[in-house]
Amino acid sequence: MLFRNDKKDHREISDETVPLLPLRELIVFPHEIYPIFVGRQKSIRALEAAEAAKKPILLAAQKDA
């Protein structure tokens, strides 16, 4: 987890793969809630994979939208 609070979160970092969701014109900060509209099939599959496996998803800001 990128923004880990060591007092509350003692999970180990592993080498597993994490679904990626690139974001256009949006920067997400920790502990904030944002509506995210997803339209591309790859992004929808990434969200579905994360939900099915109950895993976190990596949100990345795109340099060029």
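## Elements and model

Helices (H or I, at least four residues) and strands (E, at least two) are DSSP runs, numbered from the N terminus. Ser43 sits in one of them, helix α1, residues 41–53. The protein chain has one helix and two strands. From the N terminus on, their order is β-α-β.

The model is predicted: local features need pLDDT of at least 70, side-chain atom pairs count only at pLDDT 80 or more, and totals for chains, interfaces and linings use all residues. Residues are numbered from 1 along each chain as its sequence is written, and side-chain values use heavy atoms, with hydrogens and water left out.

## Burial and contacts in the chain

Buried means under 20% relative accessible area, exposed over 50%, and partly exposed in between (1.4 Å probe, protein chains only). Buried residues make up 11% of the 65 residues in the protein chain.

Contact means heavy atoms within 4.5 Å. Among contacts with a separation of 6 or more, 58% join residues 24 or more positions apart.

## Helix α1

The 13 residues of α1 should span 18 Å at 1.5 Å a residue, and its end C-alpha atoms are 18 Å apart, which agrees. The expected span is 1.5 Å times one less than the number of residues. After α1 comes Lys54, whose phi is positive, near 55°.

The buried residues of α1 are Ser43, Ala46 and Ala50. Seen down the helix axis, they fall within an arc of 60°, so they line one face of α1. The arc is taken from the directions from the helix axis to the C-beta atoms. An α-helix has 3.6 residues a turn, so residues three or four places apart point the same way. The face turned away from the buried side carries the exposed residues Gln41, Glu48, Glu51 and Ala52. The cover over the buried residues of α1 includes β1 (20–23).

## Ser43

Ser43 is buried, with a relative accessible area of 6%. Leaving aside neighbours within four places in sequence, Ser43 is in contact with Leu21, Pro22 and Val38.

## The second largest pocket

A pocket is an open set of points on a 1 Å grid over the protein atoms alone, where a 1.4 Å probe fits, with protein on both sides within 12 Å along at least five of seven lines; lining residues have an atom within 4 Å of a point. The second largest pocket has a volume of about 210 Å³. Its lining includes Ser43, Leu21, Pro22 and Val38. β1 gives the most to this lining, with three residues.

Key:
Points joined across faces, edges and corners; volume = space filled by probe spheres on them.
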